[in-house]
Amino acid sequence: MDVESRKRFEEQALPHLGALYRFAMKLSGDGFAAEDLVQETYLRALNAFSNLRDPDRVRPWLFQIISRLAIDRHRSAGREVPLPSPEDLDRFSLYDRIWEEDPLPYSDRLHEDVLGQFRDEEVRAALLALPEAYRVALILLYSEEMSYRELAEVLGCPVGTVMSRLHRGRKLLERELWEYAKKRGLVRT
Amino acid sequence: MGVREETRIGEDMKSQKLSCEQAVQQFFAYLDRALKGESLEALEAHLAACLDCCDRLEFSRKLDATVKDRLAEAPLPEGIEERIRRALAD
């Protein structure tokens, strides 16, 4: 690529460095891994820059590259873990578990108070425990506030798949949080 | 949300059109403002008649907010832009 094109790429793409890095940090929880992911994203984006038709779309385009790269890396590293069936996932309800267990008998805002008991690092660890495809979708939703249509475009999948990933990701997150509540003795079972 | 009651209100107040199970399935899409048209109307009609589902929905909303709030905004590491510029130039 000639110097002029690279300069144009840097002018358009580097203003999004902060957003990409923050996203990568939320995704990996590790500064080195985050920077590595961001750098690889920029290298791939530079190679594909001539395919970008609309300069106004550079931000979603970069998020598309980083999201797919994160999912592909995770897949090729063989870190996929078997998931509960959708039926089993839907049967689990953190709301019901809290109600049944009643860990704060004197609280008149039981569910809210139990959520408040979780430490920052526990919530982040629960999110990090999710399979990459679910975590990517949830973090894009929470941090970038993308619509389902935008998520579908970024993730390269139908809107129905986005809905399913967000639904299952949240149900998995509920299970993970319950496990942390058990480990820390917030609940008995 | 989570207000103690003698009975779990809502078990016998289900909307005729949508069961509680069906309503719960749509909560996340509702929170994400992705429900439209008849689906949205059906869920809102159910919520208007089912306090239990309202509590559950509020819990899901609070859980979302809890996760969002705990996602730390990491500062950019010193020198990262320069390192990326160098990698791009190589």
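This is a predicted model: local features need pLDDT of at least 70, side-chain atom pairs count only at pLDDT 80 or more; totals for chains, interfaces and linings use all residues.
Helices here are DSSP runs of H or I with at least four residues, and strands are runs of E with at least two, numbered from the N terminus.

Figure 1. Along the sequence, chain B follows the pattern α-α-α-α-α. The count for chain B is 5 helices and 0 strands.

**Figure 2. Burial and contacts within chain B.** Chain B has 90 residues, of which 22% are buried. Of the contacts in chain B that link residues at least 6 apart in sequence, 75% are between residues at least 24 apart.

**Figure 3. The contact between chain A and chain B.** Chain A contributes 36 residues to the contact and chain B contributes 27 residues. On the side of chain A that touches chain B, at least two residues each come from helix 1 (3-13), helix 2 (17-28), helix 3 (31-47), helix 7 (110-117), helix 8 (120-128), helix 9 (132-144) and helix 11 (159-183) of chain A. By residue class, this side of chain A holds 19 nonpolar, 6 polar and 11 charged residues.

**Figure 4. Surroundings of V58(A).** V58(A) lies in helix 4 of chain A, which spans residues 58-76. Leaving out residues up to four places away in sequence, V58(A) is in contact with Q12(A), A13(A), H16(A) and L52(A). V58(A) is classed as partly exposed because it has 18 C-beta neighbours inside 10 Å, while a buried residue needs 20 or more and an exposed one has 12 or fewer.

**Figure 5. Separation of V58(A) and E87(A).** The two residues are 29 residues apart along the chain. A distance of 39 Å separates the C-alpha atoms of V58(A) and E87(A).

Conventions
Residues are numbered from 1 along each chain as its sequence is written. Chains are lettered from A and ligands numbered from 1 in the order in which they are written. Two residues are in contact if their C-beta atoms, placed from the backbone, lie within 7 Å. Ala, Val, Leu, Ile, Met, Phe, Trp, Tyr, Cys and Pro count as nonpolar, Asp, Glu, Lys and Arg as charged, and the others, Gly among them, as polar.
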